[in-house]
Amino acid sequence: MSANDEIKLEPYPFCKSAVVTIGRSHVRGARVGAWIHYGVCGNCGARGPTTDENGFFYLTPQAAAAAWNLRRAAL
Ligand SMILES: [Zn+2]
């Protein structure tokens, strides 16, 4: 999977905004920092999940997008 693959994001269900993007934040790990990714609603700023069910950060936009699409309704 390349970085240029198109990422489709479902609309945010609460405010119905279809303007959803992938945001990222830099976090410091024990040894090296990492960029974590999450879906962000462009209307209200709501963030999607940043970690999976095991507490691991999403390190790629693709993983964050998949999580947003699967779990956004539960937020
Ligand atoms: Zn919103």
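Here is a short briefing on the fold, the nonpolar core and one backbone feature of this chain. The model is a predicted one. Its protein chain holds 1 helix and 2 strands, and read from the N terminus these elements follow the order β-β-α.

**Overall picture**
- The protein chain has 75 residues, and 21% of them count as buried.
- Looking at contacts in the protein chain with a separation of 6 or more, 44% come from residues 24 or more positions apart.

- In soluble globular proteins, nonpolar side chains tend to be buried together.
- Here, the largest nonpolar core is made up of 11 residues: L9, Y12, V20, Y38, V40, C41, Y58, A64, A65, A67 and W68.
- Two or more residues of this core come from each of β2 (33–41) and α1 (61–71).
- The top contributor is α1, which gives 4 residues to this core.

**A closer look at L9**
- With neighbours within four places in sequence left aside, the contacts of L9 are V20, G39, A65, W68 and N69.

**A backbone feature at K16**
- K16 is not a glycine, yet its phi is positive, at about 65°.
- This residue sits in the segment before β1 (20–28).

Note on methods: Residues are numbered from 1 along each chain as its sequence is written. This is a predicted model: local features need pLDDT of at least 70, side-chain atom pairs count only at pLDDT 80 or more; totals for chains, interfaces and linings use all residues. A nonpolar core is a set of buried Ala, Val, Leu, Ile, Met, Phe, Trp, Tyr and Cys residues joined through C-beta atoms within 7 Å. A residue is buried if 20 or more other C-beta atoms lie within 10 Å of its own, exposed if 12 or fewer, and partly exposed in between; C-beta atoms are placed from the backbone. Two residues are in contact if their C-beta atoms, placed from the backbone, lie within 7 Å.
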